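Open the model in your viewer and keep the selection panel at hand. The stops below say what to select and what is found there.

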Amino acid sequence: LGQKVHIYGEVDSTQTIAHSLVASGAPEGTLVLAEAQTAGRGRMGRAWHSPAGKGIWMSLVLTPRVPVYFMPQLTLLSAVALCRSIQKVCRVDIGIKWPNDLLIKGKKVSGILLESSGEDERLKYVIAGIGISVNLKVDDYPEELRKVATSLAIESGTEIKRETLVQEFLLEFEELYALYLEEGFSPIRLLWEALSVTLKRPIRTYTPNGVIEGFADSLDDSGALTVITENGEKIKVYSGDIELR
Ligand code: BTN
């Protein structure tokens with residue numbers, strides 16, 4: 001992975017660039033990096049704050065020929081790779097909030113957005129979009145983000161070399177991806193569970209059918225979160241966002 005790297009100054013979104021590179025034949029492992037994004041995309045239609053030179057804003061092209069419904073597993077795999085690479089590069093107490101937000105002391109430092117295209121019920125390609133707030137200072141955040149977002153530099157007290165972290169991430173990802181393609185999701189699930197700050201905690205989630213409150217119990221093989229409510233009912237959460245109560 002990362003044999004072909006495309007580096008840009010300012011783009012709208014590295015995701016958009018990666019999609020068009022795939023359309024013109026870019027192979028698996030192609031990596032798109034940008035200094036700044038003017039329309040960085042987050043999950044669930046949200047924007048992603050991507051100021052110039054301060055973060056890692058990247059998109060990785062993958063072509064796993066697995067069923068479309070395995071997408072959540074790839075998302076969780078990406079979170080594990082990212083979390084492990086950050087732990088290698090800097091001293092921070094980082095964990096994963098289901099499904100794939102990386103938090104330090106309850107604040108978000110990194111997010112993952114997977115976009116895919118399928119064919120005959122199998123994935124044709126996946127663009128793994130990764131945003132890591134590396135060297136942002138408090139002043140680099142708009143007021144409304146300061147309570148909920150942080151950066152590796154703020155939390156570790158030192159500037160981090162972005163190149164080192166990108167390299168480390170690619171190595172971790174490559175290793176886990178090979179393991180996943182060979183042995184399936186089980187080993188990845190164990191690693192995810194060990195890094196999770198969600199499991200065994202009281203959580204709340206908003207669904208189209210109302211609010212669910214309960215204890216996050218476990219992760220199943222599809223990547224869904226099993227929540228046990230106060231009256232002992234087991235509910236599976238497949239998508240969306242949760243809050244730690
Ligand atoms: C989230 O937590 O909501 C996901 C954020 C993903 C942001 C990254 S930055 C690089 C790539 N390009 C985008 O437009 N989004 C992803």
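**Two domains**

Start with the whole chain: the C-alpha centres of domain 1 and domain 2 lie 24 Å apart. The domain assignment, which is automatic or taken from a database, puts domain 1 at 5-195 and domain 2 at 202-244. This is a predicted model, in which local features need pLDDT of at least 70, side-chain atom pairs count only at pLDDT 80 or more, and totals for chains, interfaces and linings use all residues. Residues are numbered from 1 along each chain as its sequence is written.

Twelve residues come from domain 1 and eight residues from domain 2. On the side of domain 1 that touches domain 2, helix 2 (71-89) and helix 5 each supply at least two residues. Helix 2 gives the most to that side, with four residues. Helices (H or I, at least four residues) and strands (E, at least two) are DSSP runs, numbered from the N terminus. The side of domain 1 that touches domain 2 divides into eight nonpolar, two polar and two charged residues. Here Ala, Val, Leu, Ile, Met, Phe, Trp, Tyr, Cys and Pro count as nonpolar, Asp, Glu, Lys and Arg as charged, and the others, Gly among them, as polar.

**Helix 4 against helix 5**

Select residues 162-183 (helix 4) and 186-195 (helix 5): their axes come within 8 Å and cross at roughly 135°. Axes are lines fitted to C-alpha atoms, for helices over the stretch in contact, and angles run from 0 to 180 degrees between N-to-C directions. The two helices are therefore oblique to each other; under 35 degrees counts as roughly parallel, over 145 as roughly antiparallel, 65 to 115 as roughly perpendicular and the rest as oblique. To show the contact, pick Leu 176, Leu 179, Tyr 180 and Glu 183 of helix 4 with Ser 186, Pro 187 and Ile 188 of helix 5. Five of these residues are nonpolar, one is polar and one is charged.

**Annotated positions**

Now select Gln 37, Arg 41, Gly 42, Arg 43 and Lys 108, which an unreviewed UniProt entry lists under "binding site". UniProt positions follow the numbering used here, feature names are shortened, and annotations may be inferred rather than shown by experiment.

Is Gln 37 buried or exposed? Gln 37 counts as buried because it has 26 C-beta neighbours inside 10 Å. The classes are buried at 20 or more other C-beta atoms within 10 Å of the residue's own, exposed at 12 or fewer, and partly exposed in between, with C-beta atoms placed from the backbone. Gln 37 is part of strand 2 (residues 31-37). Leaving aside neighbours within four places in sequence, its contacts include Val 11, Asp 12 and Trp 57.

Gly 42 lies in the loop between strand 2 and strand 3 (55-62) and is partly exposed, with 15 other C-beta atoms within 10 Å.

**Backbone details**

Go to the loop between strand 4 (94-97) and strand 5 (101-104), where Pro 99 is found. The peptide bond from Trp 98 to Pro 99 is cis, with omega near -5°.

Finish with Lys 105, in the loop between strand 5 and strand 6. Its phi is near 45°, a positive value in a residue other than glycine. Lys 105 is exposed, with 11 other C-beta atoms within 10 Å.

Definitions and conventions
Two residues are in contact if their C-beta atoms, placed from the backbone, lie within 7 Å.
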